[in-house]
Amino acid sequence: MKRIQDKITLYVVGSLLILFILLLWDIDREADKSIVPLSKDLTQQIVDARSEQISNWLEERIEELETIGEQVRYLDIELDQSLEYMKVYLGNNIYESLGIIDRDGMAWITDGSSFSVINRDYYRRIDEEGLPFIISNPLKSKSNNVDIVIILHRLPANMKHEFSYISAAVPIETIKDIASRIQLYDGGSKIYDIYGEPIGGEDTEIYPGERLIEFSAPIKKSPSWSIVFKVPESRLYEGAKNLKNSAITIGLFIGVILVVLLILFSSSIVRPICRMQELMKKVEYGDLTVRFKDYRNDEIGDLQKSFDQMLDNLYRARYEKKEIELRLLQEQVNPHFLYNTLDTIRWSAIEYDATEVVELIEALSTYFRVGLSKGEKFITLSEEISHTESYIQIYQARFEEELDYEIICDESLLECKVIRILLQPLVENAIYHGNKSNGNSNFKIMINIFKEEEELIMEVKNNGEKIDRDRLEVIKSILNGKKGERDKGGFGLYSVNKRINLAFGEGYGLDIKNEGDWVISRINCPIILEGKYVEDIDR
């Protein structure tokens with residue numbers, strides 16, 4: 001199998017098949033591990049929420065009975081008036097009836113009936129255990145034969161009348177309605193008492209013959225009750241099963257589409273590569289005239305253009321090679337001619353005892369020798385200082401004036417490597433702008449070179465004219481290389497900063513500021529010794 005297209009198709013289809021098998025295995029594993037437990041957990045949360053809702057509903061009734069009791073105590077009314085007052089609460093269709101129970105266990109009901117509850121279980125429990133309220137087990141209402149529960153709430157102890165409890169008959173259907181709102185898996189829920197008996201109806205089989213899973217939650221306000229939701233086990237696993245079937249169907253569909261697209265895609269890549277292979281074979285035999293004519297609008301097209309441009313460059317290179325070689329030889333000869341000419345002028349000046357001319361020629365020779373440095377990017381710090389001093393000497397001879405300057409340098413740094421021609425542009429800028437009007441008779445330039453932590457610091461300071469704020473902003477814009485600012489001047493400063501940035505990164509470069517009586521141009525760059533960065537020059 002030598003064709004790239006066949007290899008791509010085989011590898012990708014094989015990878016997709018392995019991925020698909022692993023995906024199905026993982027879905028099957030995760031379905032049993034996560035989806036079914038998640039379904040159970042969510043179902044339990046819903047049952048818990050419904051239990052909480054029933055408990056909250058019962059708590060509302062208890063608080064309502066407490067409010068009724070407080071009003072009866074506050075109004076200090078007789079039994080008949082209390083019953084009439086309580087009838088107002090029957091309008092919301094929550095209660096079947098309300099009543100008052102006296103200290104002898106006699107119940108007086110809003111429907112006009114009265115009977116003794118002293119022997120009833122719920123009365124004995126609240127009376128003996130001192131509970132603030134109690135909810136009875138289901139009872140049959142004597143008035144309409146519906147299932148009800150009785151809620152008793154203890155009245156305040158300081159009642160003037162002999163009233164002990166407020167009673168409320170609540171239809172069980174209201175509570176059952178809240179419980180039956182769980183409609184997951186087409187099932188329903190019921191409330192059971194502490195003995196497992198259904199409250200308010202028969203426990204009919206919803207899914208006959210199926211294995212059921214129960215979810216239950218206690219009802220807090222009635223500890224003897226719990227809400228139970230029954231679900232067939234098959235329904236819990238139905239979601240996982242559907243997920244597996246969907247994954248297989250979608251996976252097969254996507255796989256077929258991907259294979260078709262892969263064949264088309266690989267073909268669109270391989271065809272131009274084969275065409276390029278044919279042309280390269282012709283180039284191997286020396287034919288540089290072959291070219292692509294129709295370029296694609298993608299990376300393959302860029303590759304085709306690059307191939308044609310490479311052939312164009314190779315074609316031109318044959319005719320430019322000799323010219324380049326001659327130019328390189330000429331560039332090597334010119335500096336030697338310049339140095340030899342300066343040396344000849346120097347010896348002629350010595351013969352005439354022209355000491356000042358000799359010094360000037362030596363300074364100029366040093367300036368060019370260090371400045372050119374045979375094209376080297378880095379020179380030693382001592383050579384950079386010599387280059388700067390040569391410039392100052394030439395300046396003094398040219399303008400026939402003394403320049404007060406001082407160079408302070410840590411001698412242990414003299415052999416460090418620096419980018420050539422960094423200090424001279426700063427000195428030139430200081431002379432030109434610091435004493436432009438020649439009005440400062442004490443004008444001085446100080447060059448201070450030292451080590452600060454892990455960096456080499458070179459400062460050029462002058463005590464001439466300060467840079468005003470607007471001009472300083474322009475200079476900083478020039479150093480940052482903003483388009484158009486270099487046209488306003490300061491290209492030398494920009495060149496110094498840019499060369500340092502390119503060599504060492506944005507963390508190094510040139511900064512200019514006013515500080516006290518001085519204008520300071522400060523360069524920070526790494527310490528380089530024998531072409532390597534070092535953290536400590538004395539190590």
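Start by selecting Tyr 508, which is partly exposed, with a relative accessible area of 24%, where buried means under 20% relative accessible area, exposed over 50%, and partly exposed in between (1.4 Å probe, protein chains only). The model is predicted, so local features need pLDDT of at least 70 and side-chain atom pairs count only at pLDDT 80 or more, whereas totals for chains, interfaces and linings use all residues. Residues are numbered from 1 along each chain as its sequence is written, and side-chain values use heavy atoms, with hydrogens and water left out.

Rings of Phe, Tyr and Trp (its six-membered ring) pair if their centres lie within 6.5 Å, and planes under 30 degrees apart count as stacked, over 60 as edge-to-face and the rest as tilted. The structure holds 4 aromatic pairs. In one of them, the rings of Phe 378 and Phe 504 have centres 6.2 Å apart and planes at 55°, so the pair is tilted. Phe 378 belongs to strand 11 (residues 378-380) and Phe 504 to helix 12 (residues 491-504), so this pair ties together parts that are 126 residues apart in sequence; helices (H or I, at least four residues) and strands (E, at least two) are DSSP runs, numbered from the N terminus. Phe 504 is buried, at a relative accessible area of 17%. The rings of Phe 504 and Tyr 508 have their centres 6.1 Å apart and their planes at 75°, so that pair is edge-to-face.

Next, select Arg 522 and Glu 452, which form a salt bridge with the closest N and O atoms 2.9 Å apart; a salt bridge is a side-chain nitrogen of Lys or Arg within 4 Å of a carboxyl oxygen of Asp or Glu. This pair links distant parts of the chain, with Arg 522 in strand 17 (residues 518-526) and Glu 452 in strand 14 (residues 444-452), 70 residues apart. Then move to Lys 476 and Asp 511, another salt bridge, whose closest N and O atoms are 3.1 Å apart. Lys 476 lies in helix 11 (residues 469-479) and Asp 511 in strand 16 (residues 509-515), so the pair ties together parts that are 35 residues apart in sequence. Lys 476 is partly exposed at 30% relative accessible area, and Asp 511 is partly exposed at 33%.

**Along helix 1**

Now select Arg 73 and Glu 70, whose side chains meet in a salt bridge (3.4 Å, N to O). Being 3 residues apart in helix 1, they are separated by about one helical turn. Move on to Ser 55, also in helix 1 (residues 4-75), which counts as buried at 4% relative accessibility. Leaving aside its neighbours within four places in sequence, Ser 55 is in contact with Ile 219, Lys 220 and Lys 221, contact meaning heavy atoms within 4.5 Å.

**Helix 10 and the whole protein**

Select helix 10 (residues 423-434), whose 12 residues reach 16 Å from first C-alpha to last, close to the 16 Å expected at 1.5 Å a residue, the expected span being 1.5 Å times one less than the number of residues. Among its buried residues are Leu 423, Val 427 and Ile 431. Finally, show the whole protein, which has 12 helices and 19 strands, and of whose 539 residues 35% count as buried.
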